[in-house]
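Hello,

Here is the structure I promised to send over. My notes follow below it.

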Amino acid sequence: MDTGILILRLLVGLLVAGHGVQKISSHLGGKGLEGGTEEFRADGFRGGALTALAAGGGQTGSGLLLAVGLLTPLAATGAIGVMTVAITVKWRHGLWVQNDGYEYPLVLIGTAAALAATGPGAWSLDAALGLTPYPLWWAALALVAGLGSGLLTRLVLHRTAAPAIAER
């Protein structure tokens, strides 16, 4: 079981981290901070470079923490939060990724929640530091806090369409 959890942590953690790196740099096929900023603006978010840095930093940090199995519930919360924001952007396209849907962020949310529930396994920094096992309620907290923070981010940072002004 520990081998499976290790593989899952490395795969998902490094993909989430890589996705964050792409938002703030030209590494891994990213378009740099300018490209990340433009992506958020195109999706209707305020904040410009600060929003891109926060999202990219959050994804990179939570992904790396998941990959090494350190502070796993906190790492899961971060990954769930940023992927919840992604779902709010992709929701209008439906579920499937071939239509730019939310399938991929949903899988990452489910995986992060599962890792919070199972724990990071024996081959993790959490285990090496004696932080495991985490009580199961940490998984519920990670899911609720992650979903809540993502939805709150959308609410606070997403621009609402300006009301149309009737011409006279």
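Arg9 sits in helix H1. Helices here are DSSP runs of H or I with at least four residues, and strands are runs of E with at least two, numbered from the N terminus. Arg9 counts as buried because its relative accessibility is 2%. (Buried means under 20% relative accessible area, exposed over 50%, and partly exposed in between, with a 1.4 Å probe and protein chains only.) Leaving out residues up to four places away in sequence, Arg9 touches Leu14, Leu66, Ala67, Val68, Gly69, Leu115, Pro120, Trp123 and Ser124. Contact means heavy atoms within 4.5 Å.

A word on the source. This is a predicted model, in which local features need pLDDT of at least 70 and side-chain atom pairs count only at pLDDT 80 or more, while totals for chains, interfaces and linings use all residues. Residues are numbered from 1 along each chain as its sequence is written, and side-chain values use heavy atoms, with hydrogens and water left out.

Next, the cores. The largest nonpolar core has 20 residues. Leu66 and Ala112 have the most contacts inside this core. (A nonpolar core is a set of buried Ala, Val, Leu, Ile, Met, Phe, Trp, Tyr and Cys residues joined through side-chain atoms within 4.5 Å.) H1, helix H4 (72–90), helix H5 (103–118) and helix H7 (137–157) each supply at least two residues of this core. H4 gives the most, with seven residues. A second, separate core has six residues, including Phe45, Ala52, Ala55 and Val85. In soluble globular proteins, nonpolar side chains tend to be buried together. Ala112 contacts Leu66, Ala76, Ala79 and Ile80, leaving aside neighbours within four places in sequence.

Now the helix packing. The axes of H1 (residues 2–24) and H3 (residues 48–68) come within 7 Å and cross at roughly 160°. Axes are lines fitted to C-alpha atoms, for helices over the stretch in contact, and angles run from 0 to 180 degrees between N-to-C directions. H1 and H3 are therefore roughly antiparallel. (Angles under 35 degrees count as roughly parallel, over 145 as roughly antiparallel, 65 to 115 as roughly perpendicular and the rest as oblique.) The contact of H1 with H3 has 13 nonpolar, nine polar and two charged residues. Here Ala, Val, Leu, Ile, Met, Phe, Trp, Tyr, Cys and Pro count as nonpolar, Asp, Glu, Lys and Arg as charged, and the others, Gly among them, as polar.

The axes of H2 and H3 come within 8 Å and cross at roughly 100°. That makes H2 roughly perpendicular to H3. From H2, Leu33, Gly36, Thr37, Phe40 and Arg41 meet Gly48, Ala49, Thr51, Ala52, Leu53 and Ala55 in H3. By class, that contact has six nonpolar residues, four polar and one charged.

Leu28 has a positive phi, near 60°. Leu28 is in the loop between H1 and helix H2 (32–42), and counts as exposed at 58% relative accessibility. Asp100 also has a positive phi, about 65°. Asp100 lies in the loop between H4 and H5 and is partly exposed at 38%. The peptide bond from Thr132 to Pro133 is cis, with omega near 0°. Pro133 is in the loop between helix H6 (125–128) and H7.

Best wishes
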